[in-house]
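This report describes one protein model, part by part. Keep the sequence and the 3D view at hand while reading.

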Amino acid sequence: MKIGLAYDLKTSVEARPGAAEDEAEEYDPPDTIDALAREIERLGHQVVRLGGGAAFLEAVNRVPVDFVFNIAEGRGTYRSREAQVPGVLEMRSIPYSGSDPLTLALCLDKPSAKRISLSAGVATPAYQVIEGMDDLPSLSSCALHFPLLVKPSYEGSSKGIRRNSRVEQWDDLILAVQTVLQVYRQPALIEEFVPGTEVTVGVVGNTPPRVLGVMEVVPRTGQDENFMYSLEVKRNWEELVFYRCPPQLPGPCIREIETASLTLYKALGCRDLARLDFRVDPNHQVYFLEANPLPGLGSYSDLPIIASLAGWNYSNLIETILNSALERCNLARVSHAHHAGV
């Protein structure tokens, strides 16, 4: 089968004037694309590198492919940017891996994902969205309690989430909101900070989807309920954190996280793969933070790390994702390896 690979390289995206320092954070380095291409070719397919942006548009119109393995994050600062490549593929009637445009846009827009979470009966921290500085007076009369976390409403890869995104007083809150509005050019999401444990969950498959693993992010400096999986930590994760799978939490709490993950995977319309983030407070109350239906697939990314801790190798993970997508699209399943759980 001729499989196209859609992706956005860090090096192919030009920074706009006045852009945030982390603007290209969610895009991929070449070694991730090389690793994916190797795995797809190992399964007997021919890989066509389509790239992203204008190059993708040109390539997908010029080169016929049977299927697209999509990890493209989309271009610009639009809240629907992750839907760009799937939207084009649907227009061209080309099947592809991962979630559809609606789910990708819905999950990238954190307030929208929170509304779905609440409607599905899964708790999320209390929040408010600030569209512009004119909205700030309404904050003083709202019921949110410090400490608060301020983040861009529709970014991935922890863009715009720094150590100073957690604020404990009004002046710092205003400054953090101004930064999001001016630098990231989008609404600011303000939510109550949940002290406790940071957890991320990998889910793969469709009928039915299943939890690949529940992973705790543990600061190397010792237990700190105010620890945040911020951009600084993600960039230097090998020195600052280690990972536990399963987490050091009671069994019933882990099962609740797994159930919440599968509930939200279905409620949000995720397909083939996703990663969902939660906080667990000291009383073991579980709170949904966000869902990523287009998680990173580099060896350093959370989903491959979860897979590794669950006893899978990288080949197992990519084969499972690809086969889930091909099966869903009623295309021939190619499997050269079998392992527990697949």
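## Terms and basis

A residue is called buried if its relative accessible area is under 20%, exposed if over 50%, and partly exposed in between (1.4 Å probe, protein chains only). By that definition Val 60 counts as buried, because its relative accessibility is 2%.

The model is predicted: local features need pLDDT of at least 70, side-chain atom pairs count only at pLDDT 80 or more, and totals for chains, interfaces and linings use all residues. Residues are numbered from 1 along each chain as its sequence is written, and side-chain values use heavy atoms, with hydrogens and water left out.

## The whole protein

The protein has 12 helices and 12 strands. Both kinds of element are DSSP runs numbered from the N terminus, helices being H or I with at least four residues and strands being E with at least two. Of its 342 residues, 54% count as buried.

The protein exposes about 14,500 Å², and carbon and sulfur atoms supply 51% of this area. Accessible areas come from the Shrake-Rupley method with a 1.4 Å probe; for residues, only the protein chains shown count as cover. A contact means heavy atoms within 4.5 Å. Among contacts between residues at least 6 apart in sequence, 69% join residues at least 24 apart.

## A sheet of five strands

In what order do the strands of the open sheet of 5 strands lie? The order is E10-E9-E8-E11-E12, and the pairing is antiparallel. Two strands pair if DSSP finds at least two bridges between them. At the edges are strand E10 (241-244) and strand E12 (286-292), each of which pairs on one side only. From one strand to the next, the twist averages 25°.

Strand E9 (residues 210-219) is joined to E10 by 4 bridges, and the two run antiparallel. Val 217 has Tyr 243 in E10 as its bridge partner. Helix H10 (residues 251-267) lies across strand E8 (197-204), E9, strand E11 (273-280) and E12, and runs at about 135° to E11. For such angles, axes are lines fitted to C-alpha atoms, for helices over the stretch in contact, and angles run from 0 to 180 degrees between N-to-C directions.

## Loops beside the sheet

Two prolines follow cis peptide bonds in the loops here. The bond from Thr 207 to Pro 208 is cis, with omega near 0°, and Pro 208 is in the loop between E8 and E9. The bond from Cys 245 to Pro 246 is also cis, with omega near 5°; Pro 246 lies in the loop between E10 and H10.

Asp 272 is in the loop between H10 and E11. Its phi is near 75°, a positive value in a residue other than glycine. Is Asp 272 buried or exposed? Asp 272 counts as buried, because its relative accessibility is 0%.

## Aromatic rings

Rings of Phe, Tyr and Trp (its six-membered ring) pair if their centres lie within 6.5 Å; planes under 30 degrees apart count as stacked, over 60 as edge-to-face and the rest as tilted. The count by this rule is 1 aromatic pair. The rings of Phe 278 and Phe 288 have centres 5.9 Å apart and planes at 65°, so the pair is edge-to-face. Phe 278 lies in strand E11 and Phe 288 in strand E12, so the pair ties together parts 10 residues apart in sequence. Both Phe 278 and Phe 288 are buried.

A ring can also lie under a charge. The charged end of Arg 166 sits over the ring of Phe 193, 4.7 Å from its centre. This description applies if NZ of Lys or CZ of Arg is within 6 Å of the ring centre and within 35 degrees of the ring normal.

Val 60 is in helix H2 (residues 53-62). Leaving out residues up to four places away in sequence, Val 60 touches Leu 50, Val 88, Leu 89, Arg 92 and Ile 94. Val 60 and Ile 94 are 34 residues apart along the chain, and their C-alpha atoms are separated by 9.5 Å.

Ser 93 is in the loop between helix H3 (84-91) and helix H4 (101-108). Its phi is near 60°, a positive value in a residue other than glycine. Ser 93 is exposed, with a relative accessible area of 65%.

## Helix H5

The buried residues of helix H5 (residues 110-119) are Lys 110, Pro 111, Ser 112, Ala 113, Lys 114 and Ser 117. Their cover includes H4, strand E4 (127-130), strand E5 (148-152), strand E7 (188-192), H10 and E12. Gly 121 follows H5 and has a positive phi, near 85°.
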